[in-house]
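Student: I would like to go through this model and ask what stands behind each label.
Tutor: Go ahead.

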Amino acid sequence: MGGVLFFDGNCGMCTRARNRLLRLDRTGRLRTEPLQRPGVAERIGVAPERLSASAWWLDSSGAVFAGAKAMNAALSTALGTTFPLRIYSLPGVGRIQEWVYRWVAAHRYRFRGVTPLCESEPGQCSSRPGS
C-alpha cells in the first residue's frame, strides 16, 4: 500500500513529523505533500475550508483518511506493515488516538518544530491551503 500524506507545510511540528516519517520509510512508497500545494483539496475531495483541520492520507486505492488514521496509514506504509492500522482499529484505541490528534492539531503552532516546509522551500507551497 503506497500513498501520499498531506500535511500542514506552515507548521514546524508538522514538518518535523513528516521528516521523521520519511526517515522511517523502508519501502520507498511514502510520499508527502504540503496542504498548501495548489489542487490538494480537489485531489482528495475535501472542501477547501476543511483542508487545514488535519493531516490527510490518500492511498493508492483512492481511499482518503484524516487525522490519526491518516498518520497511522502513513506509518504503516513507511514501515511496510499494517501493524499501526491494526492497533488503531482495536476497540477504543482509534477513538483515543483521534481525541489526542485533535487536541495536538488544535495547538500545533504552539509546539516546537523545525523550519516549516513552506518557509524553507516556498516553491512547494502556495499562499492558501487548498488553492
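Student: What makes the largest nonpolar core a core, and which residues touch the most other members?
Tutor: A nonpolar core is a set of buried Ala, Val, Leu, Ile, Met, Phe, Trp, Tyr and Cys residues joined through side-chain atoms within 4.5 Å. Buried means under 20% relative accessible area, exposed over 50%, partly exposed in between, with a 1.4 Å probe and protein chains only. The largest set has 15 residues, and Leu5, Leu30, Trp57 and Ala74 touch the most other members. Helix α3 gives the most to this core, five residues. Apart from it lies another core of ten residues, including Val4 and Leu51.

Tutor: The model is predicted: local features need pLDDT of at least 70, side-chain atom pairs count only at pLDDT 80 or more, and totals for chains, interfaces and linings use all residues. Residues are numbered from 1 along each chain as its sequence is written, and side-chain values use heavy atoms, with hydrogens and water left out.

Student: Why are β1 and β3 called paired?
Tutor: Two strands pair if DSSP finds at least two bridges between them. Strands (E, at least two residues) and helices (H or I, at least four) are DSSP runs, numbered from the N terminus. Four bridges join β1 (residues 3-7) to β3, so these antiparallel strands meet the definition. Val4 stands opposite Leu58 in β3.
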